Amino acid sequence: MSSTSRKYRRTARTGFALALPLAALAACGGGGGTDASAEAGSGKGTISVWAHQGQKSEDAAVQAAVKSFNSSQSAIKVELKLIPGNDYTKTITATSASELPDVMEFDGPTMANFVYNKKLAPIDDYVSAKTLANATDAIKSQGEIGGKHYGLGMYDSGLGIYGNKKLLDAAGVKYPTSLSDDWTAEQFTAALEALKAKDSDGKTLDIQENNGLATEWGTYGFAPVVWSAGGSLLKDGKAEGALDTPAVASALKTFQSWKTYVDPNTDGNALAKGRVALSWVGHWMYPTYSQALGDDLVVLPLPDFGNGPKTGQGSWAWGIGADSKNAKAAGTFMDYLLNDTNVTAMTTANGAPPATRTALAKSPLYKQGGPLQLFADQLAKPCGDSDISKSCVAVTRPVTAGYPTITAKFSEALNSVYGGANPAEALSKAARAIDQDFSDNAGYKIP
């Protein structure tokens with residue numbers, strides 16, 4: 001496997017491996033008219049299911065779930081089609097609604113665009129009340145538009161800072177032990193400075209620069225800086241006055257100042273090989289870091305820029321095709337797919353936080369006292385995508401068909417700030433471009 005495909009497969013399950021597909025989404029027409037609604041059908045017969053081809057263990061978990069569902073009853077037969085992850089979103093985008101399957105997987109931030117283009121139907125009438133009630137509030141936030149649910153996920157995602165306890169202790173750095181004990185941005189900067197004094201090259205921080213900042217990683221990884229500074233990528237359909245506030249510009253100025261401490265991490269092993277003491281990344285690096293550092297690995301929240309610590313969330317989800325003629329059967333399969341057995345099998349395969357309450361409570365990694373409890377604690381305090389208060393933590397990326405423009409313009413601004421640009425000017429330019437696009441598309445209103 002090439003390093004490029006390794007990178008994709010690592011990121012595919014986190015919900016930020018979609019920079020190119022999102023650009024394609026932006027060109028879609030659509031919107032207006034009435035809500036797309038599938039036909040209930042008989043609840044029996046053959047249904048088609050599409051999923052993205054990710055890492056082998058994930059593929060095996062989906063295939064096992066389908067095989068087990070088909071053998072568990074005789075009324076419904078599922079035919080599964082796996083589509084390579086790099087082509088998946090582009091394939092859905094290029095396929096007319098009438099040719100799409102009964103059940104399809106999609107990456108979280110693409111959902112609103114598929115709803116806008118009438119490719120997804122509300123699932124509330126077709127999945128059971130029990131399934132909806134068992135979904136975590138965070139994953140429901142990603143899948144909801146206007147009070148209707150269009151998607152539910154088997155797993156979620158989260159961000160934190162992994163630390164090397166041995167290096168932190170050697171530098172005399174006191175670090176957080178829980179969400180309520182988070183670093184302020186100033187304390188985080190002071191920690192970097194203290195670590196630098198004990199580091200041969202002065203590079204003490206990894207921010208996954210090797211993934212590129214002018215990408216979905218830039219938005220997923222660092223929109224929490226905006227939210228923690230009291231700003232937003234979009235508020236009431238506008239970026240100006242939300243993204244380009246003085247507080248956000250000040251926060252990005254601080255982020256810019258950290259560049260001097262950053263290891264470029266071209267080999268992806270900066271923390272694992274002990275070159276840095278801190279790594280700003282997500283849950284998916286735990287297996288690698290845990291194996292490398294053992295008991296020296298600590299998991300910390302992101303720093304607080306004034307509005308409380310924040311994290312991104314959201315990932316791949318499942319929904320029902322808008323032109324399905326058998327949505328009842330589709331809902332029955334989704335109920336099965338989202339049971340504890342299948343969710344646990346999938347999250348064991350990919351290491352992500354389970355997106356159902358029951359599987360999350362039993363997860364060896366994420367349960368109370370587990371090594372990744374911090375990620376579960378963050379997801380237990382969801383903000384949704386608009387009401388970002390000090391007390392909530394896990395923020396959903398804007399649920400709008402205009403998300404491709406938002407992420408393109410924000411990550412471009414972030415990358416330019418990291419390269420030395422004036423934060424206030426870069427944010428103002430991004431906000432104007434986002435608002436112009438929303439104006440050109442009547443706000444991407446979904447009825």
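Trainee: How many salt bridges does the structure hold?

Mentor: Seven. Keep in mind that this is a predicted model.

Trainee: Start with Asp169. Which residue does Asp169 form a salt bridge with?

Mentor: Lys165, and the closest N and O atoms are 2.9 Å apart. Both residues sit in helix H8 (residues 165-170), with a spacing of four residues, or about one turn of the helix.

Trainee: What is the accessibility of Asp169 and of Lys165?

Mentor: Asp169 has a relative accessible area of 42%, so Asp169 counts as partly exposed. Lys165 is partly exposed too, at 30%.

Trainee: Moving on to Glu216. What is the partner there, and how far apart are the closest N and O atoms?

Mentor: Glu216 pairs with Arg397, and the distance is 3.0 Å.

Trainee: Is Glu216 buried or exposed? And Arg397, buried or exposed?

Mentor: Glu216 is buried, because its relative accessible area is 1% and the cut-off for buried is under 20%. Arg397 is buried as well, at 4%.

Trainee: What about Lys238, which residue does it form a salt bridge with?

Mentor: Asp435, with the closest N and O atoms 3.6 Å apart. Lys238 is in the loop between H10 and helix H11 (246-257) and Asp435 is in helix H18 (residues 423-440), so this pair ties together parts 197 residues apart in sequence.

Trainee: Which residues are linked in a network of salt bridges?

Mentor: Asp263, Asp267 and Arg275 are linked that way.

Trainee: Switching to cysteines. How many disulfides does a search of the whole structure find?

Mentor: One. Cys383 and Cys392 form this disulfide, and their sulfur atoms are 2.1 Å apart.

Trainee: What is the handedness of the link between Cys383 and Cys392?

Mentor: Right-handed, with 105° about the S-S bond.

Trainee: And are those cysteines buried or exposed?

Mentor: Cys383 and Cys392 are both buried.

Definitions and conventions
Residues are numbered from 1 along each chain as its sequence is written. This is a predicted model: local features need pLDDT of at least 70, side-chain atom pairs count only at pLDDT 80 or more; totals for chains, interfaces and linings use all residues. Side-chain values use heavy atoms; hydrogens and water are left out. A salt bridge is a side-chain nitrogen of Lys or Arg within 4 Å of a carboxyl oxygen of Asp or Glu. Helices (H or I, at least four residues) and strands (E, at least two) are DSSP runs, numbered from the N terminus. Buried means under 20% relative accessible area, exposed over 50%, partly exposed in between (1.4 Å probe, protein chains only). A disulfide is a pair of cysteine sulfur atoms within 2.5 Å.
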